[in-house]
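Dear colleague,

Please find the structure below, handed over for your records. My notes on what was found in it follow directly after.

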Amino acid sequence: MTTSSKPLRGLKVIELGSLIAGPFAARIMAEFGAEVIKIESPAGGDPLRKWRKLYEGTSLWWYVQSRNKKSVSINLKHPAGREIVHKLVAEADIVVENFRPGVLEKLGLGWETLAAINPGLIMLRLSGFGQSGPLAQQPGFGAIGESMGGLRYVTGFPDRPPVKTGISIGDSIAALWGVIGTLMALRHKELSGGQGQVVDVALYEAVFAMMESLLPEFDVFGFVRERTGNIMPGITPSNTHSTQDGKHVAIGANGDAIFKRLMRAIGRDDLAEDEELADNAGRDARRDELYAAIDSWVAAHDEASVLHTLAAADVPASRVYSAADIVADPQYLARQMIETAILPGGKSFKIPGIVPKLSATPGSTEWLGPALGEHTEETLQQLGYAADAIGALRDAGTVLLGAPGLPRES
C-alpha cells in the first residue's frame, strides 16, 4: 500500500509532543498516509527514544511509535527555531501537541498565534486536565488520568489496593479520542468553508468517558462500583479460571443461550435447565455458585482440553495471551497483525500490524522511527532555506541535522 492511496494522504501534521499521548495520535495519522513532521529538541529528542528495552541505544518502542514520521530537530527556545515552526504551520493541516497548558503560549506557539498564521489549522491538544479549569496547568501523566478518571479505583481485587493495567492505557485512550476529534474537526472544516478549531482532550476525561454506567448508577442508586477482580458484577458468568496445568482461561458466557451451552459442556445440565438461571439477573444473583462450578471443572482439566471443549460448544473462551502466545497465533498471522521489520545492522524483528483494517485504503508501515533530526535538512530545503542558511542554523544550535536512520522499507 503506497502513501498515495491512503485515506489521510495530502494532510500535513506537525507533532509538537513527546512520550505517549500526542505521539501515539500522530502515529495513527502517519500510518494512514498523513505527512507527520515530528519536532524534537536537539538535546536528545523525544525521551521515548530511551524508554524500556533498548537495541544499540535506541528504544524498540520508539521504532514503532514513530513509524512513518519525519524527525526535524529544532530548538524551540531560539527565535529562529520558532520561525521555522511558524513556516511549517502555515502549510499544515493539523498540529498535535501534549505540552502542559501554557508552555506553548510562553514559546510564542500557542493557539492564538498559530491560528493567526493559518486560520484553517486544527490543533489537537492533549493534556492531563484540559486547557481550562482549576487544574489545567498542573502536570498530569497517564497514571493520574487513570486514577482521576475512575479506572484505577475499579481495577484489582477487593482485598487489595487498586492496580494499574500493564500498559499506559490512559495515554492511549486519550490519543484515540484525539484522533476521533481531529477527524470530526476536519469534517467540520470541509463543511464550513475552511475554519479550523482546537480539539481539547484531557487524559482524565478520556478515561472517564470509558467508565460505562459508573456515574448514573451512583447518581440514581448511590452505588459505588468497587474492585471485583476478574468478574464483571451484573454480567454473569464472565471470569478468568485456572487450569490443571497452571494456565489461565477467560470464559465469557453471559448470553442466555451461551450459558446453557457452557453448563452442558461442563456436565452441569441441572444448571443449564434451571429456570432461575435463564436470564442474566438470575445468574448474577447466584454468581458464587456458578463460578464455583466453572472453577471446579476448569481446574480438573489442562488448558488445551478446556479450550477444545469450549470451542466445540461454541462458548467464547481464550487463554490469557503472553507475547509468546501472540507471535505464534494463527489468527494474528492471518490478519497481518505481526509484521517483520529491519533494525540497524540488518537484524529482523517483529512489530505490531496496523489497526483498523480498511478494505480499500489500509494503513501500512513505510519506515520505522527515524534518527534524531534525520529529516531536518530536507524539510528546511522544502521551506526555501538555502544551504548557507541551514548551515548557520546548525552552527547556532538552532537545528540538528541528523544522519539517515533505518531503511524506509520494512
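**Cis peptide bonds and loops**

Pro 356 lies in the loop between strand E13 (348-352) and helix H17 (376-382); helices (H or I, at least four residues) and strands (E, at least two) are DSSP runs, numbered from the N terminus. The bond that joins Val 355 and Pro 356 is a cis peptide bond, with omega about 0°. Please note that this is a predicted model, in which local features need pLDDT of at least 70 and side-chain atom pairs count only at pLDDT 80 or more, while totals for chains, interfaces and linings use all residues. Residues are numbered from 1 along each chain as its sequence is written, and side-chain values use heavy atoms, with hydrogens and water left out.

A cis peptide bond also runs from Thr 236 to Pro 237, with omega near -5°. Pro 237 belongs to the loop between helix H9 (214-221) and strand E9 (238-242).

Most residues other than glycine have a negative phi, and most peptide bonds are trans. Glu 212, in the loop between H8 and H9, is not a glycine but has a positive phi of about 55°. Gln 336, in the loop between helix H16 (330-334) and strand E12 (338-342), also has a positive phi of about 55° without being a glycine. Glu 212 is exposed, at a relative accessible area of 65%, and Gln 336 is exposed at 60%. Here buried means under 20% relative accessible area, exposed over 50%, and partly exposed in between (1.4 Å probe, protein chains only).

**The sheet**

Seven strands form an open sheet in the order E8-E7-E6-E1-E2-E5-E14, with mixed pairing; two strands pair if DSSP finds at least two bridges between them. E8 and strand E14 (399-400) stand at the edges with a single partner strand each, so one side of each has no neighbour in the sheet. Strand E2 (residues 35-40) and strand E5 (residues 69-74) run parallel and are joined by five bridges. Ile 37 stands opposite Lys 70 in E5.

**The nonpolar cores**

Which residues touch the most other members of the largest nonpolar core? They are Met 29, Ile 94 and Leu 124, in a core of 29 residues. A nonpolar core is a set of buried Ala, Val, Leu, Ile, Met, Phe, Trp, Tyr and Cys residues joined through side-chain atoms within 4.5 Å. Among the elements that give two or more residues to this core are helix H1 (21-31), strand E6 (94-97) and helix H7 (169-192). H1 provides the largest share, seven residues. A second, separate core has 27 residues, including Ile 84, Val 89, Leu 114 and Tyr 385.

Leaving aside neighbours within four places in sequence, Ile 94 is in contact (heavy atoms within 4.5 Å) with residues including Leu 11, Val 13, Met 29 and Leu 186.

**Two further buried residues**

Glu 303 is found in helix H14 (residues 303-312) and counts as buried at 9% relative accessibility. The side chain of Glu 303 makes a polar contact with that of Arg 319 (3.3 Å). A polar contact is a pair of N or O atoms within 3.5 Å; within protein, one must be able to donate a hydrogen and the other to accept it, and residues adjacent in sequence count only if both atoms are side-chain atoms.

Leu 107, in the loop between helix H4 (103-106) and helix H5 (111-117), counts as buried at 18%. Leu 107 and Lys 77 are 30 residues apart in sequence and 6.9 Å apart in space, C-alpha to C-alpha.

Yours sincerely
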